Amino acid sequence: MASIGLDITDDYIAVHVEQSETVLIKPAVIGCEKDGSAWYVGEDAYRAALNGTGVITDGLLTLLGKDGVKELGGEQYTAMELLSRLLSMLIEKALKDENACEATHVTAALHTADKELFDRVAACLMKMGYGEDEVTVISHSEAFMYFVLSQDRSFYVGNVALFDLGDGVLSFYEFSIQRGTGRQHVKCTCTGEEGFRTEILRTDTGKNLGDRIMTETAKRHMEGKVFSTVFLTGSGFSKTEWAGEFVSYTCHRRKLMLEEGIFAIGASLAADEKIADYILSCDTRISSELSMMVEIKGRDTELLLIPEGERWHNLRLMAEVMPCGQDYIDFIVTPHGLNAEKQRRRAMLTGFPEREDRTLRLCVEIGTVSAKAVKITISDMGFGDIFPPSGAVLCEEIEV
Amino acid sequence: MSLKLLSRMAGKPFCSEKLNMRLFSGEELCYVILKYPLIAMDDFVTDGLIEWIGTGLHEVDLAGSLYHDKKDGESCENLLLSILQNLDYCRIEEVREFRNTLVSYRKLPEHELILETAKTYYRAGREADAYSNLEKAVKSITALVRVTKDEDEKKRLGLKKLDVLCDMVAVRMLRFDAEGALRLLDMAEQTGRFTRAERQRFLITGKANLPDEEKEKLLNERRDLKISALSGEECTRIKELSSLPDEEFLIKAGDIIKEWKKEYRRTS
């Protein structure tokens with residue numbers, strides 16, 4: 001029984017079994033024999049293709065984003081089918097390597113926090129037989145946060161930086177922690193992304209240029225701030241001798257760590273209870289608090305619907321309310337920060353039937369669209385046999 | 001002005017035979033108590049209702065206290081007040097007003113209270129209960145006439161009895177019982193002459209001792225009502241069902257009529 005962390009990109013897929021020392025990283029390629037008799041992943045798939053016996057396909061995450069279809073061995077497969085097959089083969093291998101029998105929870109980390117893609121990846125994992133509550137999809141920022149929080153405290157006394165050099169893109173992540181008397185506020189953002197073709201590192205001139213780009217990037221993001229640790233990850237850092245200036249700049253009075261599969265390791269820690277001690281803020285977490293003004297036992301109360309730092313993907317809430325002499329519902333958005341002012345967002349109950357006071361039972365459903373927007377659906381539930389439901393529904397999107 | 005946070009509805013509703021409806025929540029229970037106090041006073045707080053309050057609404061403490069109070073012989077009025085005070089639906093002023101209403105009902109003469117109860121049953125769509133209460137009211141008035149010595153009072157009660165008999169005719173007509181309605185009108189004629197009874201007779205038989213202008217007015221009213229009913233939303237909805245098989249048509253049309261009747265009673 002183990003928790004599995006996945007890092008899914010178009011180039012590679014990393015699988016980490018919780019508490020394991022190693023990360024299984026394979027090219028995100030799947031292939032089969034031309035007659036469809038056997039399936040291969042990663043290097044095995046390349047090998048079969050080179051031998052001329054197999055056919056391969058890649059770019060599955062992009063294909064999944066487009067909900068596309070690929071032909072393989074004369075058969076049509078959806079991106080979801082191919083990715084599910086690829087992931088289940090890799091998870092099976094990783095579990096076998098660690099002598100673990102089954103995964104209790106699977107968390108997938110993706111580069112960008114896109115609701116539609118998150119939904120599809122979650123559906124992909126569920127297709128593999130995992131239950132809805134056994135699957136979580138997070139972003140690289142969130143996974144990095146978990147990874148840092150699992151390290152020794154001395155690693156994150158100051159800010160923590162991460163350079164992720166993948167095929168074609170250099171991403172910079174910044175982790176910071178706001179210490180106070182209450183729960184500590186942890187923030188992680190991907191503050192910079194730029195094109196970087198690792199092929200340029202094949203020549204000496206390219207290596208010098210690469211080093212210069214990396215150093216400039218590091219200076220731009222890190223100058224004037226206190227960083228206690230810098231992590232390097234991604235296939236671009238498989239060798240670092242080309243980045244001498246960059247390395248000497250980043251490791252000056254701070255720790256410099258080279259780590260493979262950071263996002264997969266972080267993802268495998270997503271279910272860790274230790275995380276509950278912190279308020280997390282990143283692109284997969286809601287940075288404000290959302291509440292609703294209600295009356296409970298004759299007292300006006302601010303009912304907390306979404307606490308700050310709640311993960312927005314798959315967040316679904318429901319409350320039943322009844323307006324008493326009012327034709328609106330007030331929602332309160334409280335942004336993060338000591339001096340942040342509460343903002344009132346009013347949803348006018350237009351289009352609902354006019355009934356006697358206190359006979360309009362409403363169902364308020366809250367779902368999230370992104371870290372910045374919440375979708376609120378208000379529907380008329382009727383009032384028992386006295387007033388049947390009118391079917392009136394109001395949908396509003398609230399910025400949080 | 002506020003927005004009340006509600007608890008979840010009961011998994012199984014409470015089926016009130018007195019009101020001919022199902023109740024799914026504490027709010028609905030309070031609403032019907034406030035809306036139909038006379039029905040609620042008529043032995044509404046049964047053991048079944050108390051059990052539902054405990055198991056369906058999860059108001060175990062309230063159900064416990066109601067059970068003990070009922071066992072100790074507490075009046076139905078006090079049980080109702082206890083429900084209204086404990087379920088978070090009414091304002092304090094409303095509970096106070098409800099208490100006053102109950103007191104004022106209790107002060108009414110017997111036949112007036114029965115009549116009010118009959119009207120409440122009628123509004124709640126319980127025609128049979130409304131009719132039996134009207135019958136009770138007639139009996140109560142007749143008994144009162146017998147013991148009253150004041151001639152003016154006797155006359156007033158006589159007119160009242162006629163009025164109640166006309167109400168009974170109206171209920172009979174709602175149930176398409178023209179024969180029974182005419183019998184009641186004959187009975188009313190024995191008590192005295194009454195314009196309302198004459199009008200009803202005219203609408204049933206087409207004959208009555210009424211001035212021609214009055215007759216024409218009644219016929220016009222009936223025609224207008226027929227036209228408005230035929231052009232009404234319900235009629236259109238029923239016409240749209242004509243393609244359905246007979247059995248399904250009857251069920252669905254019946255539902256529409258029931259819904260319309262309910263709405264009519266509520267608004268009229």
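## A tour of chains A and B

Start by selecting Phe163(A), which is buried, with a relative accessible area of 0%. Buried means under 20% relative accessible area, exposed over 50% and partly exposed in between, with a 1.4 Å probe and protein chains only. The model is predicted, so local features need pLDDT of at least 70 and side-chain atom pairs count only at pLDDT 80 or more, while totals for chains, interfaces and linings use all residues. Residues are numbered from 1 along each chain as its sequence is written, chains are lettered from A and ligands numbered from 1 in the order in which they are written, and side-chain values use heavy atoms, with hydrogens and water left out.

**Aromatic pairs in chain A**

Rings of Phe, Tyr and Trp (its six-membered ring) pair if their centres lie within 6.5 Å; planes under 30 degrees apart count as stacked, over 60 as edge-to-face and the rest as tilted. The count by this rule is 18 aromatic pairs over all chains. Select Phe118(A) and Trp312(A): the ring centres are 5.8 Å apart and the planes lie at 10°, so this pair is stacked. It joins distant parts of the chain, 194 residues apart, with Phe118(A) in helix H4 (residues 115–127) and Trp312(A) in the loop between strands E18 (299–306) and E19 (316–324) of chain A. Helices (H or I, at least four residues) and strands (E, at least two) are DSSP runs, numbered from the N terminus. Phe118(A) has a relative accessible area of 0% and is buried; Trp312(A), at 1%, counts as buried.

Phe246(A) counts as buried at 0% relative accessibility.

Then select Phe144(A), Phe147(A), Phe155(A), Tyr156(A), Tyr173(A), Phe175(A), Phe231(A) and Phe263(A), which ring pairs link into a cluster.

**H3 and H4 of chain A**

Two packed helices are described by the angle between their axes and the distance between the axes. Select helix H3 (residues 79–97) of chain A along with H4(A): they pack at an angle of about 60°, with axes 9 Å apart. Axes are lines fitted to C-alpha atoms, for helices over the stretch in contact, and angles run from 0 to 180 degrees between N-to-C directions. H3(A) and H4(A) are therefore oblique to each other; angles under 35 degrees count as roughly parallel, over 145 as roughly antiparallel, 65 to 115 as roughly perpendicular and the rest as oblique. Their crossing is right-handed. A crossing is left-handed if the near helix is turned anticlockwise from the far one by less than a right angle, and right-handed if clockwise.

For the contact (heavy atoms within 4.5 Å), show Met80(A), Glu81(A), Leu83(A), Ser84(A) and Leu87(A) of H3(A), which meet Arg120(A), Ala123(A), Cys124(A), Leu125(A) and Lys127(A) of H4(A). By class, this contact has six nonpolar, one polar and three charged residues. Ala, Val, Leu, Ile, Met, Phe, Trp, Tyr, Cys and Pro count as nonpolar, Asp, Glu, Lys and Arg as charged, and the others, Gly among them, as polar.

**Chain B**

Chain B has 14 helices and three strands, and buried residues make up 39% of its 268 residues.

Select helix H1 (residues 26–35) of chain B, where eight of ten residues are buried. Among what covers those residues are E19 of chain A and, in chain B, strand E3 (21–23) and helix H6 (92–107).

In helix H6 of chain B, pick Glu94(B), which is buried at a relative accessible area of 18%. Leaving aside residues up to four places away in sequence, Glu94(B) touches Arg358(A) and Leu34(B).

Next is Tyr121(B), in helix H7 (residues 110–123) of chain B; at 2% relative accessibility Tyr121(B) counts as buried.

End at helices H10 (residues 178–191) and H11 (residues 195–205) of chain B, which pack at an angle of about 150° with axes 10 Å apart. That makes H10(B) roughly antiparallel to H11(B), and the crossing is left-handed.
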